[in-house]
Amino acid sequence: MINRLFNSIQRVIPLSPAEIDTVTALFKEKTYKKGDFFLEEGRICKQVGFVAKGLMRFYINQDGEEKIYDFSQENEFVCNYESFLPQVPSSKNIQALEDSVVFVISHADLQLFYANVRGGERFGRIAIEAVFVKLLQDISSLYAETPELRYERFLKNHADLQQRISQYHIASFVGVKPQSLSRIRKRIFTQF
């Protein structure tokens, strides 16, 4: 499964055989059972993960209600960068929605990755730029899009997740109650 990680990195930078050995030494395989936390609110995010198998959700607790704002699935990275980069407690949670296999790298080992892998810092910069652009899109969506448009964007960006997660989780991501999501789905699908 670590080959998925190598492939993801090599889409951005080449890896020599020695650098593949470095990546293998720095990233540790970790399994999460459904419901396990990658990160809990109040704790410092101490690692970046690469999801080789499984699915994670990102959410906040707001007045006792869980509000999902993102998902990470196979071949995607998982981290709360606002906690990880400055090493401060997180206000967010990251939880496995399925049994998952994740290759994790600590904050200290990531610095070794940057120092010992030619192009490592470039890879990190490109990864963070992608996170930043996605964050800006998500903020714009929250303020400018109707729930119908957010659901359509969910279908476009996460079509394969519709069969893997509950309607409750989809409704939370879209920002509506499950009953409202049912009405939105009915309106959208009767148009076609």
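This is a predicted model: local features need pLDDT of at least 70, side-chain atom pairs count only at pLDDT 80 or more; totals for chains, interfaces and linings use all residues.
A pocket, in the sense used here, is an open set of grid points where a 1.4 Å probe fits, with protein on both sides within 12 Å along at least five of seven lines.

**Stop 1: the largest pocket**

Select Tyr69, Asp70, Lys134, Leu135 and Asp138, the lining residues that lie nearest the centre of the largest pocket. The space in this pocket comes to about 1400 Å³, and 49 residues line it. Rolling a probe the size of a water molecule over the atoms shows where empty space is left.

Which element gives the most to this lining? Select helix 5, residues 120–144: helix 5 contributes 14 residues to the lining of the largest pocket, the most of any element.

Now colour the lining of the largest pocket by residue class. It divides into 27 nonpolar, nine polar and 13 charged residues.

**Stop 2: the second largest pocket**

Select Val48, Tyr81, Leu110, Tyr114 and Ala127, which lie nearest the centre of the second largest pocket. Its volume is about 180 Å³, and its lining is made of 14 residues. Helix 4 (107–116) and helix 5 are the elements that give two or more residues to this lining. How many residues in the lining of the second largest pocket are nonpolar, polar or charged? There are 12 nonpolar residues, two polar residues and no charged residues.

**Stop 3: the annotated span**

Select residues 15–111. The UniProt record, an unreviewed entry, annotates this span as "domain: Cyclic nucleotide-binding". Its end C-alpha atoms lie 17 Å apart.

**Stop 4**

Show the strands as a cartoon and find the open sheet of four strands with the order 2-7-4-5, in which the pairing is antiparallel. Which strands stand at the edges? They are strand 2 (37–39) and strand 5; each has a single partner strand, so one side of each is left without a neighbour in the sheet. On average, neighbouring strands of this sheet are turned by 30 degrees against each other, direction ignored.

Next, select strand 4 together with strand 7, residues 93–96. These two strands pair in the antiparallel sense over four bridges. Within this pairing, select Arg57, whose bridge partner in strand 7 is Gln95. Strands of a sheet pair through backbone hydrogen bonds, either parallel or antiparallel.

**Stop 5: the sheet with order 1-8-3-6**

Move to the open sheet of four strands with the order 1-8-3-6, where the pairing is antiparallel. Strand 1 (28–32) and strand 6 stand at its edges, each with a single partner strand, so one side of each lacks a neighbour in the sheet. The twist from one strand to the next averages 35 degrees.

Select strand 3 (residues 47–53) and strand 8 (residues 100–106), which run antiparallel and are joined by six bridges. Val48, already selected at the second largest pocket, stands opposite Ile105 in strand 8. Gly49 stands opposite Val104 in strand 8.

On its other pairing, strand 3 runs antiparallel to strand 6, with three bridges between them. Here, select Val51, whose bridge partner in strand 6 is Glu76. Is strand 3 mostly covered or mostly exposed? It is mostly covered, with six of its seven residues buried.

**Stop 6: two loop residues with positive phi**

Finish in the loops. Select Asp63, in the loop between strand 4 (55–62) and strand 5 (65–73). The phi angle of Asp63 is near 55 degrees, a positive value in a residue other than glycine. Asp63 counts as exposed because its relative accessibility is 81%, and the cut-off for exposed is over 50%.

Then select Asn75, in the loop between strand 5 and strand 6 (76–78). Its phi angle is near 70 degrees, again a positive value in a residue other than glycine. Asn75 has a relative accessible area of 34% and is therefore partly exposed.

Methods: Residues are numbered from 1 along each chain as its sequence is written. Side-chain values use heavy atoms; hydrogens and water are left out. Buried means under 20% relative accessible area, exposed over 50%, partly exposed in between (1.4 Å probe, protein chains only). UniProt positions are given in the numbering used here, feature names are shortened, and annotations may be inferred rather than shown by experiment. On a 1 Å grid over the protein atoms alone, a cavity is a set of points where a 1.4 Å probe fits but cannot get out, and a pocket is an open set with protein on both sides within 12 Å along at least five of seven lines; lining residues have an atom within 4 Å of a point. Grid points are joined across faces, edges and corners, and a volume is the space filled by probe spheres set on the points. Ala, Val, Leu, Ile, Met, Phe, Trp, Tyr, Cys and Pro count as nonpolar, Asp, Glu, Lys and Arg as charged, and the others, Gly among them, as polar. Two strands pair if DSSP finds at least two bridges between them. Axes are lines fitted to C-alpha atoms, for helices over the stretch in contact, and angles run from 0 to 180 degrees between N-to-C directions.
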